[in-house]
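Dear colleague,

I am handing over the structure we discussed, and my notes on it follow below. Please keep it open beside this email while you read.

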Amino acid sequence: MLIEESHKDVPTKADGDGNMRIFLFHPKIPNYPHARFPAVVLFSEIYQVTGPVARFARQIAGHGYIVAAPSSYHEFTGPEPLAYDGPGTDEGNRYKITKQVAAYDEDAALAVTMLLDLPTCNGRVGATGMCLGGHLAFRAAFDTRVAAAVCYFATDIHSHSLGAGKDDDSLQRAGEIRGEVIMIHGKSDPHVPAPGRDLIRHTLHEKNVTFSFYEIAGAQHAFIRDELSKGRYDPCVSNVCFAMLLELFGRVLRSDLGAREGGAGEKEGENVC
């Protein structure tokens, strides 16, 4: 599917008057100017919308989704990506814990609203992201307009250390999620160690969230980053994870499922072989 790229600057209020640039990746079908598509908010890692993030956005858009990728650090810097080096990493990590959690949430809400206001959107929105963006996709799912979220190696959820004060409430609010979530972690990722993954999984069960949880043997942090990943990029595993993303988004965002009946969580299967 063909893609058209553009951007929109959206006014923000939560952390002072400003503007957030949202990069748009829009599918196009020749001779169908009124085609409508589901939409996805893509939250980036700590380096903003880099080459690997943009390529990931194009990959999703090429399957028929309008993708919006916000510049998360608009309060501190321009929309340009930070470098994948020591200074860029330090800068991104500093911004991550300087920005207010409420400002992150406003960014997500504004991106969802912008997508739903597009005449080419079919009214269904999902979220995804990696690293910091995995956590932001998780929080985006608190918004009942977000029907599905795929969170790649989401950092700081287990330690509730996102944002100014390093004291977020993401796990506490997990019960607000009404859509379906996929959590993807590498078992060799020191940013989210085994006890942290166990805590996330246990909490999602406890809060009766509809979710799938994948821990990939040998996978490290940023294993889907196809550039400057310090030898951690795994294209085969990345493809498997992307297939899970397409399955969830295709089932939830493309299909007209009607109103959900019953609670969240899982229905127990029959005890037969």
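**A strand inside the sheet**

Seven of the seven residues of strand β3 (37-43) are buried, so the strand is largely enclosed by the rest of the structure; buried here means under 20% relative accessible area, exposed means over 50%, and partly exposed is what lies in between, with a 1.4 Å probe and protein chains only. Please bear in mind that this is a predicted model, in which local features need pLDDT of at least 70 and side-chain atom pairs count only at pLDDT 80 or more, while totals for chains, interfaces and linings use all residues. Residues are numbered from 1 along each chain as its sequence is written, and side-chain values use heavy atoms, with hydrogens and water left out. Helices (H or I, at least four residues) and strands (E, at least two) are DSSP runs, numbered from the N terminus.

On one side, six bridges join β3 to strand β5 (residues 121-130), and these two strands run parallel; in this pairing Ala39 stands opposite Val125. Strand β4 (residues 66-70) is also paired with β3 in the parallel sense, over three bridges, where Val40 stands opposite Val67 and Val41 stands opposite Ala68. Between β3 and β4 the chain passes through α1, and this β-α-β crossover is right-handed, a term used if, with the strands pointing away from the viewer, the path from the first strand over the helix to the second runs clockwise.

The sheet as a whole is open and has eight strands in the order β1-β2-β4-β3-β5-β6-β7-β8, with mixed pairing; two strands pair if DSSP finds at least two bridges between them. Its edge strands are β1 and β8, each of which pairs on one side only.

**Salt bridges**

Side chains of opposite charge can pair when their charged atoms come close. With a salt bridge taken as a side-chain nitrogen of Lys or Arg within 4 Å of a carboxyl oxygen of Asp or Glu, the count comes to 20.

One of these joins the side chains of Arg58 and Glu5, at 2.5 Å from N to O, and it links distant parts of the chain, since Arg58 is in helix α1 (residues 51-61) and Glu5 in strand β1 (residues 2-12), 53 residues apart. Arg58 is partly exposed at a relative accessible area of 33%, and Glu5, at 43%, also counts as partly exposed.

Glu45 and Arg225 form another salt bridge, with their closest N and O atoms 3.1 Å apart. Glu45 lies in the loop between β3 and α1, and Arg225 in the loop between β8 (210-216) and α6 (235-254), so the pair ties together parts that are 180 residues apart in sequence. Are these two residues, Glu45 and Arg225, buried or exposed? Both Glu45 and Arg225 are buried.

Within helix α6, Glu247 and Arg251 lie four residues apart, about one turn of the helix, and they form a salt bridge whose closest N and O atoms are 2.7 Å apart. Glu247 has a relative accessible area of 42% and is partly exposed, as is Arg251 at 32%.

With regards
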